[in-house]
Amino acid sequence: MEFLIFLPYLIVMAGVTYLVRAIPFVLIKKKIENRFINSFLYYIPYTVLAAMTFPAILYATGSMVSAAIGLLTAIFIAYRGRSLIVVAVGACSAVFVVELVMLLI
């Protein structure tokens, strides 16, 4: 794509990104004291991260079965309070073993 065709798209995307971030600062002058709104805003980053990560987890492997088992393994290990590296290695190991078993069968 030529630069002169791409430039308007870039400017519009930059403007929209800036407005989405700047409008709340302009419109809301005082501190938000509503507990419901505060808790809602607190969990938005986690929700967005989960919404972006979950589909990638399910389609990262060759099989939906091995992806689901890897996800369940990661949830179980994380629930037990292990570190992020242990969760990642455990999930990858589970996917590897399931893919290996599926290859042999």
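Hi everyone! Let me start with a definition: the angle between two helices is taken between their N-to-C directions and runs from 0 to 180 degrees. Keep that in mind as we look at this structure, which is a predicted model.

First, a pair of helices. Helix H3 covers residues 64–79 and helix H4 covers residues 84–104. Their axes are 8 Å apart, and the two helices pack at an angle of about 150°. Angles over 145 degrees count as roughly antiparallel, so that is what we call H3 and H4. As for handedness, the H3 and H4 crossing is right-handed.

Who makes the contact? On the H3 side you'll find Ser66, Ile69, Gly70, Thr73, Ala74, Ile77 and Ala78. H4 brings Val86, Val87, Gly90, Ala91, Ala94, Val95, Val98 and Glu99. Sorted by class, that contact has 10 nonpolar, 4 polar and 1 charged residues.

Now let's move to some rings. A pair of aromatic rings is described by two things, the distance of the centres and the angle of the planes. This structure holds 3 aromatic pairs. In one of them, Tyr42 and Tyr43 sit edge-to-face, with 4.9 Å from centre to centre and 85° between the planes. Tyr43 also pairs with Tyr46, and here the arrangement is tilted: 6.4 Å centre to centre, with 55° between the planes.

Where do Tyr43 and Tyr46 lie? Both are in helix H2, residues 35–58, and because they are 3 residues apart, about one helical turn separates them. Together, Tyr42, Tyr43 and Tyr46 form one aromatic cluster.

Notes. Residues are numbered from 1 along each chain as its sequence is written. This is a predicted model: local features need pLDDT of at least 70, side-chain atom pairs count only at pLDDT 80 or more; totals for chains, interfaces and linings use all residues. Side-chain values use heavy atoms; hydrogens and water are left out. Helices (H or I, at least four residues) and strands (E, at least two) are DSSP runs, numbered from the N terminus. Angles under 35 degrees count as roughly parallel, over 145 as roughly antiparallel, 65 to 115 as roughly perpendicular and the rest as oblique. A crossing is left-handed if the near helix is turned anticlockwise from the far one by less than a right angle, and right-handed if clockwise. Contact means heavy atoms within 4.5 Å. Ala, Val, Leu, Ile, Met, Phe, Trp, Tyr, Cys and Pro count as nonpolar, Asp, Glu, Lys and Arg as charged, and the others, Gly among them, as polar. Rings of Phe, Tyr and Trp (its six-membered ring) pair if their centres lie within 6.5 Å; planes under 30 degrees apart count as stacked, over 60 as edge-to-face and the rest as tilted.
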